[in-house]
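Hi,

Here is the structure I promised to pass on. My notes follow below it; have a look when you get a moment.

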Amino acid sequence: MISILIPTYNFNCRPLVEELRRQATAGKYPFEIIVADDGSTLPYRKINAGIGEIDHCRYVQLQENIGPARIRNLLVSLARYRFCLLMDADTFPAGDSFIEKYAKSAQAGSVVCGGFIYKRGINTGVCPLRLKYGIEVEEKDFNARNNDPYGRFISMCFLADKEIFQKVSFNEKMHFGYEDACFGMELKEKHVPIIHIDNPVFHLSTENAEAYLCKIEESIRNIVPHMERMRPCIRLLAWQGKIEKYRLTGLVGLVFRLSRPFLHHNLTGRHPSLHCFAFYKLGYLCRILAAGKRENRGNHSSGQW
């Protein structure tokens with residue numbers, strides 16, 4: 001009935017697999033678990049390789065990193081059952097009836113999202129910036145998510161009828177960053193229903209603030225070629241559009257360059273400001289765009305000689 005599909009990169013996902021297998025076995029649902037390793041380093045390959053020896057589990061090892069969009073599409077192509085439950089490796093069910101709730105909510109031609117939450121407490125293992133942004137901005141209950149079903153889609157954990165992927169797949173040109181928003185937008189364009197339920201996973205991010213900022217920067221660089229198409233569904237691009245309207249992109253990029261050391265110090269500290277984080281993303285985008293304009297002007301001028 002359910003193919004549980006988990007892409008992983010440099011993460012020990014054996015505890016997740018064992019818990020999912022326990023719940024699925026208890027529910028007596030036909031199931032399989034497929035873990036695809038996206039070119040991890042040798043220590044993590046050794047840790048996760050044993051997954052292939054567990055009943056109902058399969059382990060696929062990729063020799064090179066192909067990115068989150070391509071590996072999710074690959075996993076769907078390998079799935080045997082009609083309903084595909086895609087989960088990130090750094091997640092964990094927040095309740096004992098996690099699989100049961102998804103199985104009961106499965107609907108033909110629909111996508112079901114259970115949401116995600118962060119553990120509270122002093123020793124969560126999540127860096128202060130990621131934890132604060134996750135709790136104050138990303139966490140939403142199912143009622144709030146159903147008010148904006150497509151805008152609140154996230155690929156961290158969702159169930160979908162396999163037939164949907166014949167209409168919509170993850171955009172492999174984006175490689176990394178905002179592939180969730182693109183997928184949600186295409187679901188909306190193809191009139192695929194999204195149902196949000198109360199069935200969250202814990203997000204168990206282990207990256208530090210430095211690594212998180214690097215990922216944010218990479219995702220912003222990757223969204224630049226898709227800006228016009230993605231602008232209606234990404235708030236960052238909407239703000240940049242307003243700035244461009246008043247021809248302030250270069251100025252904002254300059255302010256970002258001058259204030260970047262302060263922003264970096266704040267965001268990697270124990271008490272990060274979400275206002276600083278918002279400006280960091282906007283300023284970084286404006287700096288990239290301003291630099292691109294200068295390069296284009298330079299190329300145009302040199303071509304006149």
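Let me start with a strand pair: alanine 36 sits opposite valine 60 of β3. β2 and β3 run parallel, paired over six bridges (two strands pair if DSSP finds at least two bridges between them). Helices (H or I, at least four residues) and strands (E, at least two) are DSSP runs, numbered from the N terminus. Together with helix α2 (residues 42–49), β2 and β3 form a right-handed β-α-β unit; right-handed means that, with the strands pointing away from the viewer, the path from the first strand over the helix to the second runs clockwise.

A word on the basis: this is a predicted model, where local features need pLDDT of at least 70 and side-chain atom pairs count only at pLDDT 80 or more, while totals for chains, interfaces and linings use all residues. Residues are numbered from 1 along each chain as its sequence is written, and side-chain values use heavy atoms, without hydrogens or water.

The largest nonpolar core has 36 residues, and Ile4, Ile6, Leu20, Ile33, Leu85, Met87 and Phe98 have the most contacts inside it. Such a core is a set of buried Ala, Val, Leu, Ile, Met, Phe, Trp, Tyr and Cys residues joined through side-chain atoms within 4.5 Å, buried being under 20% relative accessible area (1.4 Å probe, protein chains only). Elements giving it two or more residues include β1 (2–8), α1 (14–27) and β8 (157–161). Apart from it lies another core of 31 residues, among them Leu236 and Phe277.

Best wishes

Conventions. Buried means under 20% relative accessible area, exposed over 50%, partly exposed in between (1.4 Å probe, protein chains only).
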